[in-house]
Amino acid sequence: MSLLRQLAGETVIYGMSHIMPRILHYVVFTIYLTRSFPDTKDYGIYNDLYAYSSIILIILICRMDTAFFRFSSREDDKEFVFSTALIPLVGLGLVFLISLLFSKDLIASFLGYPNQTHYVIWFGFIMVFDAFVALPFARFRMENRPYRFLFFRLMNVGLTIFFVFFFLELCPFLINKGWSGLERFLILENRLDYVFLANLLASGLIFILMIPELLRDKFSFNVDLWKKMMVYALPLVIVGIAGSFNQTFGTPLQKYFLGDDVAANLANAGIYNATLKIALLLNLSVVAFNYAAEPFFFKNFADRDNKEIYGLVALAFTILGCFILLGIYLYIDIIQLIIGANYREALYLLPILLFAYLFLGLYYNFSIWYKLVDRTIIGTYISLIGASITLLISILFLAKIGYAASAWAALACYSFMAVAGLLTGRYYYPIPYPVKKIVMYILVSALIIAISYFLEVQGVSLVIKLIINTLLLIVFIGIVIGYEKELIKQFWTD
């Protein structure tokens with residue numbers, strides 16, 4: 001089987017492992033919440049808290065999952081690498097949790113939720129539970145155990161969904177039918193709290209189920225190996241923080257810089273995030289690719305003469321990404337129905353966000369080199385500049401043009417990072433990327449979106465518009481088939 005086809009197969013498997021749970025998550029936390037919580041402020045609070053959590057979780061994991069890929073692919077004793085990474089991770093998590101419990105009031109006030117100190121406690125436990133199971137999930141990927149990976153991912157999301165519907169739908173329904181004993185489960189005043197509580201219960205149960213995986217091997221710790229892993233991983237922590245800042249910190253920035261009071265800003269942030277979640281449908285394919293590509297590239301790094309495969313992967317990703325991008329935008333009149341009517345005001349920003357996530361995917365392609373050749377510090381510089389772009393545009397323009405500034409900041413950030421990853425890679429680890437073709441497909445996609453937008457402005461009826469948009473998508477497919485016969489054959493060559 002060709003390497004390209006192998007990666008395609010692994011992307012499908014790990015895509016299922018990632019996308020299926022995300023789809024379930026999407027149903028509840030986008031479709032359901034934007035209807036169950038018509039006040040957009042609640043959705044803004046939801047995204048605000050998870051933005052902080054995503055960054056803290058990266059610090060708690062210390063990118064030991066990626067370090068595990070790097071060192072277990074070049075060390076004979078994978079279990080030795082696993083335990084050397086796990087022991088400090090557990091220690092850090094426990095220290096973090098204890099510190100959080102002692103300073104919960106101060107942190108809650110800093111975040112703007114002085115009367116909800118339980119948020120700090122709950123999210124502290126959620127983050128620690130998730131950090132503790134990060135390495136077992138990484139080992140599933142490294143050992144090609146995608147179905148076990150899928151089982152636990154689905155279990156996590158499934159439990160969260162179960163508890164959300166138990167608290168918000170089933171209990172109230174049964175109480176109205178006379179089951180008064182269930183009232184003891186509904187002691188919280190704010191309905192949104194039950195969403196966070198559901199996450200806490202699900203993460204805690206997954207951690208308990210993962211304990212056998214954590215204790216599978218006898219513990220051993222090598223200080224020298226740990227130092228090497230930390231030298232490798234610490235720049236990636238900064239990369240991860242900057243990346244998470246770029247992807248999730250729009251809400252906290254909007255909360256403080258949109259110009260209105262915090263409550264109004266959070267309400268507007270909720271509207272923006274609903275459109276962002278539609279754009280995240282493209283990001284699902286980006287993350288699915290990254291899940292499969294990272295261990296794939298490490299395992300095939302020994303064949304340094306086969307650099308052409310990296311270029312073909314980038315081209316294949318671009319074509320797939322553009323196809324998904326067009327599919328989302330050209331049928332947005334239908335897709336928009338997945339979010340509540342109160343959340344559709346920011347849909348005009350969708351093309352900007354879609355192209356932003358496309359460039360993010362290209363950055364993952366172009367920047368894999370610095371992980372392969374242990375130049376992770378370069379990734380740090382790129383990510384920090386990208387985060388600076390996001391921060392600068394947000395501070396300068398949020399109060400002037402509203403949440404549209406966050407969308408433009410994302411596009412500027414990710415396009416810079418993609419170009420920077422490509423150019424620095426040419427110097428340190430040259431890869432023959434088909435840049436002209438990649439740019440061509442991006443421009444063709446932009447042209448198709450411009451044509452569709454023109455039809456919208458002209459007031460063309462929905463039926464006619466959908467027919468023309470479908471023809472435009474067929475044209476794109478025809479261009480791909482015409483130009484990429486050899487690439488398509490790569491997926492069927494043994």
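H5 and H6 are roughly perpendicular to each other, because angles from 65 to 115 degrees are counted that way, while those under 35 degrees count as roughly parallel, those over 145 as roughly antiparallel and the rest as oblique. The axes of helix H5 (residues 104–111) and helix H6 (residues 117–132) cross at roughly 105° and come within 8 Å; here axes are lines fitted to C-alpha atoms, for helices over the stretch in contact, and angles run from 0 to 180 degrees between N-to-C directions. Helices are DSSP runs (H or I, at least four residues), numbered from the N terminus. Where the two meet, Lys104, Asp105, Ile107 and Ala108 of H5 are in contact with Thr117, Val120 and Ile121 of H6, contact meaning heavy atoms within 4.5 Å. By class, this contact of H5 with H6 has four nonpolar, one polar and two charged residues, where Ala, Val, Leu, Ile, Met, Phe, Trp, Tyr, Cys and Pro count as nonpolar, Asp, Glu, Lys and Arg as charged, and the others, Gly among them, as polar.

The model is predicted, and local features need pLDDT of at least 70, side-chain atom pairs count only at pLDDT 80 or more, and totals for chains, interfaces and linings use all residues. Residues are numbered from 1 along each chain as its sequence is written, and side-chain values use heavy atoms, with hydrogens and water left out.

Further along, helix H7 (residues 134–142) packs on helix H9 (residues 191–214) at an angle of about 60°, with their axes 9 Å apart, and H7 is therefore oblique to H9. The crossing of H7 and H9 is left-handed, a term used if the near helix is turned anticlockwise from the far one by less than a right angle. Pro136, Phe137, Arg139 and Phe140 of H7 make this contact with Met210, Glu213 and Leu214 of H9, and the residues divide into five nonpolar, no polar and two charged.

Helix H10 (residues 223–248) and helix H17 (residues 376–401) have axes that cross at roughly 20° and come within 8 Å, so H10 and H17 are roughly parallel to each other. Their crossing is left-handed. Among the residues that make the contact are Val231, Tyr232 and Pro235 of H10 and Thr376, Ile377 and Gly379 of H17; by class, the contact of H10 with H17 has twelve nonpolar, seven polar and no charged residues.

The structure holds four cavities of 30 Å³ or more, a cavity being a set of points on a 1 Å grid over the protein atoms alone where a 1.4 Å probe fits but cannot get out, whereas a pocket is an open set with protein on both sides within 12 Å along at least five of seven lines, and lining residues have an atom within 4 Å of a point. The second largest cavity has a volume of about 170 Å³, and of the 20 residues that line it, the closest to its centre are Asn246, Gln247, Tyr272, Ser406 and Ala410. Its lining has eleven nonpolar, nine polar and no charged residues.

About 390 Å³ of space lies in the second largest pocket, a volume being the space filled by probe spheres set on the grid points, which are joined across faces, edges and corners. Of its 18 lining residues, Tyr329, Leu347, Tyr348, Pro351 and Tyr453 are the closest to its centre. H19 gives the most to this lining, with four residues, and by class the lining has twelve nonpolar, three polar and three charged residues.
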